[in-house]
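I opened this notebook to record what I looked up in the structure below. My entries follow in the order in which I made them.

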Amino acid sequence: LIDPASQSLSHHGVVSALPALQFSLLNLLADEAPEPVSRRKLEAALWPEGDPPDSDALRTYIYRLRQALGKPYGNDLIKSVHGKGYRLAIPH
């Protein structure tokens, strides 16, 4: 369950508060799930004023989000889709 008011995610009683950019990234991925979201679309949404801070900024935020979600939930919920972008893999 994604809670926009507290910028947190909860699953089976485990609550994870996320920094603003990571939470925005999670929301974008969740809105399109299970379809992949292109790198260009993610960067445009996260940095609407133009270019991201550096060439690896999105990858860094994806890594941090994977770490935040992987530790409490025990699996990789963010999947890389070669040539397409990233997608949220929601467990059933």
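This is a predicted model: local features need pLDDT of at least 70, side-chain atom pairs count only at pLDDT 80 or more; totals for chains, interfaces and linings use all residues.

Entry 1. On the α1 side I found Leu21, Ser24, Leu25, Leu28, Leu29 and Glu32, which meet Lys41, Leu42, Ala45 and Leu46 of α2; contact means heavy atoms within 4.5 Å. By class, I noted seven nonpolar, one polar and two charged residues in the contact of α1 with α2. Here Ala, Val, Leu, Ile, Met, Phe, Trp, Tyr, Cys and Pro count as nonpolar, Asp, Glu, Lys and Arg as charged, and the others, Gly among them, as polar.

Entry 2. I turned to the axes of α1 and α2, which come within 10 Å and cross at roughly 135°. The axes are lines fitted to C-alpha atoms over the stretch in contact, with angles from 0 to 180 degrees between N-to-C directions.

Entry 3. I looked up Pro34, which lies in the loop between α1 (20–32) and α2 (39–46). The peptide bond from Ala33 to Pro34 is cis, with omega near 5°. Helices (H or I, at least four residues) and strands (E, at least two) are DSSP runs, numbered from the N terminus.

Entry 4. I found Gln7 in the loop between β1 (2–3) and β2 (8–11). Phi of Gln7 is near 50°, a positive value in a residue other than glycine. Most residues other than glycine have a negative phi, and most peptide bonds are trans.

Entry 5. I noted how the model is read: residues are numbered from 1 along each chain as its sequence is written, and side-chain values use heavy atoms, with hydrogens and water left out. Local features need pLDDT of at least 70, side-chain atom pairs count only at pLDDT 80 or more, and totals for chains, interfaces and linings use all residues.
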